[in-house]
Amino acid sequence: MLGRTYPAATSGEATLWNIYPELLSPDLKLAVQSVLATGLPKSMTVPGSSASGRKLFVFRGERGVGVMEVGEAAVQAPGCETDERVRLLHQAMHDALTGLPNRRQFSHDLHENLPVQAPQNLAFMQIDLDDFKPVNDTLGHAAGDLVLKETAERLQAVLGEGETAYRLAGDEFAVIQRGGRPGQAERLAESIVDAFRAPFSIEGIEVFVGASVGIAVAPEDGDDGEQLMRAADIALYAAKNDGRGRARAFNRSMLIMLEQREMLRRSLRVALRECQSFIEYQPIAEAAAIVGFEALLRWEHPFAGTVPPGVFIPIAEADGLMGEIGEWVLEQACRQAVTWPEHFTVAVNLSPAEFLRKGLTDRVANILDAVGLPPDRLELEVTESVLLERSTNNLDTLHTLEVLGVRISLDDFGTRYSSLAYLKNFPFDTIKIDRYFIKDVETDDKSQTIVGSIISLAHGLGMRVVAEGVENAAQADWLRRRGCDRLQGNLLSVPMPAEPIETFLRHTSMAAS
């Protein structure tokens, strides 16, 4: 087998076409250009003296396009590469699972194409798969590998000339687009997002794994690799923060948002020291009577004002602070519940970071003993995302809490993965229907079907149902007619500090003795 590398420049390409004029045929020329763009080698047959034609193996070498004629003896000469060297080079520069160029090839290609020369530009897209981890955790790594392989195929299917996809690590992919016209990067990114809207079929099971894309364009967003990658990473963070399954192009305002987030991150540690956090309580009603409250954490920043939990809790989780914060919330809520009527319960949210922290059941038991609250008056709320990590350990934790007498609630049901296996295998007392399905439940047929089905399912499994986000009497009436056990929302009351609760209970017609 003889291998020789030809320069990829225009003059070099002419040399390649002179040596192998057969490659000028439209199909074969397109195949060679694909090798140049993607780095993926191809075997092809060109017309020759034999009936079967000449067998060529075309690859992207260090200096351009490499061609090896299959069947010839290997020749060692200047500029020649043996089959073994080419194979090793390909392995070093490509991902073994997907066949895509790897991070090493990506770094080489990015360096080779920067800085760009006007009027040319280069777009870099950083791609993360959404909800890929649940596939690995619930169906196994073999299923995850199949998703990654098909991810490579879907990316390749939407790429055109001058566009190359790479697998960087895990479920992180990238695309380099060379010489695109204005708006072309955004169109390609949207095509990538659209390519992942269809489900993946894994051994007859349909799973949905979306894609979020961050876009940076050289030279305006940076003209070296580090700048461009940072800009794309910021844009990807914005895409995920906006709800995932979308593409975002970098702009300078994203830097301001990132700086604000970093300011909040630093301030959060100060807030813990200076007790800027407090708890509000929102009532929960059953059969037109208050039966308890949910404890809701709040942060009053001295300059920024009230910071929403959806903003600061992910920061606290990322910084490893939720263990300390969660323990404080649990103790304060239990101490407050002791002062309420003895049949009232208190519901406390457990973040995934707090739930996965070792010693949760011991902390809960110690707090209940210290404050004197009966375990059946405490309800711990977990979301479906908690259950995706270390399922066996999670099951043990939930069963231990059940043995303690603590109630367990599955929060925000229907908005995440909603695997029915969770309801079968985990000891939940309550399912909470997310406000997304409640906001138009009195008028929308689809919401009515979903909510009605959840209520029937929960009751069939012996579980209580709580509807969150009840804002008006029409919603409450519809839910009560369908057998929803408990209601929570601003129709009953907005969340309130601890001090007004006694007055609220004295004056509300829903208070029960």
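**Reading the model feature by feature**

Reply: Ala-287 lies in the loop between strand S12 (277-286) and strand S13 (289-301). Please keep in mind that this is a predicted model.

Me: Is Ala-287 buried or exposed?

Reply: One compares the relative accessible area with two cut-offs: under 20% is buried and over 50% is exposed, with partly exposed in between. Ala-287 has a relative accessible area of 70% and is therefore exposed. Ala-288 has 44%, so it is classed as partly exposed.

Me: Which residues of helix H4 (residues 103-113) are buried?

Reply: The general idea comes first. An α-helix has 3.6 residues a turn, so residues three or four places apart point the same way. In H4, the buried residues are Gln-105, Phe-106, Asp-109 and Leu-110. They cover an arc of only 130° around the axis, and therefore lie on the same side of H4.

Me: Which exposed residues does the face of H4 turned away from its buried side carry?

Reply: That face carries Arg-104, His-111 and Glu-112, which are exposed.

Me: Which residue caps the N-terminal end of H4?

Reply: The cap is Asn-102, with a side-chain oxygen 3.1 Å from the backbone nitrogen of Arg-104.

Me: Where does the model contain a cis peptide bond, and what is omega there?

Reply: The bond from Leu-114 to Pro-115 is cis, with omega near -5°. Pro-115 belongs to the loop between H4 and strand S5 (122-130). A cis peptide bond also joins Ala-218 and Pro-219, where omega is about 10°. Pro-219 sits in the loop between strand S10 (210-218) and helix H8 (225-241).

Me: Let us turn to sheets. What is the order of the strands in the open sheet of five strands?

Reply: Strands of a sheet pair through backbone hydrogen bonds, either parallel or antiparallel. Here the order is S6-S7-S5-S10-S11, and the pairing is mixed. Strand S6 (163-169) and strand S11 (247-249) are the edge strands, each pairing on one side only. From one strand to the next, the twist averages 20°.

Me: In what sense do S6 and strand S7 (residues 172-178) pair, parallel or antiparallel?

Reply: S6 and S7 pair in the antiparallel sense over six bridges. The bridge partner of Tyr-166 is Ala-174 in S7. Helix H8 packs on this sheet and touches S5, S10 and S11. The direction of H8 makes about 145° with that of S10.

Me: Which way do the residues of strand S18 (residues 430-433) point?

Reply: Thr-430 and Lys-432 point one way from S18, while Ile-431 and Ile-433 point the other way. All of these residues are buried.

Me: Which strands pair with S18, and over how many bridges?

Reply: Strand S17 (residues 407-413) pairs with S18 in the parallel sense over three bridges, and Phe-413 stands opposite Ile-433 in S18. S18 also pairs with strand S19 (residues 464-467), again in the parallel sense, over four bridges. In that pairing, Ile-431 stands opposite Val-465 in S19.

Me: What do the totals for the chain come to?

Reply: The secondary structure comes to 19 helices and 20 strands. Of the 513 residues in the chain, 47% are buried. The chain exposes about 24400 Å², and carbon and sulfur atoms supply 52% of this area. Among contacts in the chain with a separation of 6 or more, 64% are between residues 24 or more positions apart.

Notes: Residues are numbered from 1 along each chain as its sequence is written. This is a predicted model: local features need pLDDT of at least 70, side-chain atom pairs count only at pLDDT 80 or more; totals for chains, interfaces and linings use all residues. Side-chain values use heavy atoms; hydrogens and water are left out. Helices (H or I, at least four residues) and strands (E, at least two) are DSSP runs, numbered from the N terminus. Buried means under 20% relative accessible area, exposed over 50%, partly exposed in between (1.4 Å probe, protein chains only). Contact means heavy atoms within 4.5 Å. Accessible areas come from the Shrake-Rupley method with a 1.4 Å probe; for residues, only the protein chains shown count as cover. Two strands pair if DSSP finds at least two bridges between them. The arc is that of the directions from the helix axis to the C-beta atoms. A polar contact is a pair of N or O atoms within 3.5 Å; within protein, one must be able to donate a hydrogen and the other to accept it, and residues adjacent in sequence count only if both atoms are side-chain atoms. Axes are lines fitted to C-alpha atoms, for helices over the stretch in contact, and angles run from 0 to 180 degrees between N-to-C directions.
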